[in-house]
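Keep the sequence and the 3D view open as you go.

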Amino acid sequence: MSVKRKYKEIARICGKNMAPLYFGYYILHKCIEAVLVLYIKKYCAVDEKLIILRSFPDYADNARALADYMLENNYDQGYKIYFDVSDLQKVKRWNKNVHFISCESKIGNYHLSSLKKIYTAGFLMSTHRPILIRKRARKGQKIINLWHGCGYKDKSISQGKVSANFDLALVPGKLFVTPKSHFWNISKENILPLGYPRYDWLKEKDSMAQQLLDSYKKNQQSKVVLWMPTYRSDKNGVYNDTNTITQFPLIDKVEHWCELDKVCAEHNVVLLVKLHPFQKEYEIPFSKFNYIKEIDNSVFDSADIPMYKFIGLTDALISDYSSVAVDYLIVNRPMAFTLDDFEEYRSHRGFVFDDPRVYMPGHHLYSFQDLKEFLTDVAFGRDEYQSKRELMYGEAICYSSNYCKSILDKLGIKL
């Protein structure tokens, strides 16, 4: 990153008035850091028993699933396992068995107290921007891209050509090896089609997650349908993959939301709309509805329940081009894909397959009427796509009775 660009970034984070002070601190810190790194590389060997994981948001997704599994199965008796987070105060109430550390400051310096761990860790694993993505740390370290899901959409045009600075990356199964090889500009041999650690959560019948799900039901017979659209426009205005006014699939009028609420009430179906973390807020009056509710990450954070444990208990899923639709194949329950903006999305963002609809085993929704018919089918237990889902599961996802163990074994992390 250029000096000018870094200064602008610090000004955005700390404010224009404080930018000169923080930028000076940043430069001084980098000089001290460089000296310490030289010392560490010369006198401290890479420790193959030291593992650092990170995720976005903190302590979540595939990284958390893997960390929790290792701790629950006593891997910490042979390995030193750390979880890198941005906010140590926030995670204090979470798993007390996890050794939380904070590797980076908000302006991008590595904390000096974490330098030795960072530059001697045998394994660095992340769901998003892998640790040390800026440059290769040192020979002997393995940087593992756990990633956060493979769906149907391609990378944004604004991302340009990606240059992978990791050694290995996970994908759900063989179907995604070639697309992700192009996506990351990495050899197919560096992609592991083993599935994701969070897939173990999808198969788990967690009592706390069940209680949370039941809290949304109107009665014991209620069906719960989760709607998880991918983001069309992000909060920061960087990505805009649609020209629609509402930024929401299929429904462009409040009157239709009211009508849909009545349909859900008639069929005793609770529709939970899950906002994507990057999506800017929808202007939808959810508080006015009885059977349609909005749910976001704060709900899972407050209950300290991984979202995928919750997803695995729902009765059906509505999505579009998002990776959750691929993951839901493990659950093997009804799915619907909103495709009303298919051609528009193809021109703005593009897809990793020539026609991704071939790989969407469920209802294809092009209209509001299609949506109502899908919810009716769910209410009455009609499921005409089960066999197609099972066929797609075999093609898209690697089967494992224990995803975390399979992945760890492949990486050479064993008890």
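**Exercise 1.** Find the helix that holds Lys180, and decide whether Lys180 is buried or exposed.

*Solution.* Start with the helix: Lys180 lies in H6, residues 177-184, where a helix is a DSSP run (H or I) of at least four residues, a strand (E) one of at least two, both numbered from the N terminus. This is a predicted model, in which local features need pLDDT of at least 70, side-chain atom pairs count only at pLDDT 80 or more, and totals for chains, interfaces and linings use all residues. Residues are numbered from 1 along each chain as its sequence is written, and side-chain values use heavy atoms, leaving out hydrogens and water. Next, the relative accessible area of Lys180 is 7%, so Lys180 is buried (under 20%; exposed is over 50%, partly exposed in between, with a 1.4 Å probe and protein chains only). Finally, leaving aside residues up to four places away in sequence, Lys180 touches Trp147, Cys150, Val171, Asn185, Ile186 and Ile191 (heavy atoms within 4.5 Å).

**Exercise 2.** Work out in which sense E4 and E5 pair, and do likewise for E5 and E6.

*Solution.* Take E4 (residues 121-126) and E5 (residues 142-145): they pair in the parallel sense over four bridges (pairing needs at least two bridges found by DSSP). Here Leu124 has Ile143 in E5 as its bridge partner. Now move on to E6 (residues 168-170), which pairs with E5 in the parallel sense over two bridges. There, Asn145 has Ala169 in E6 as its bridge partner.
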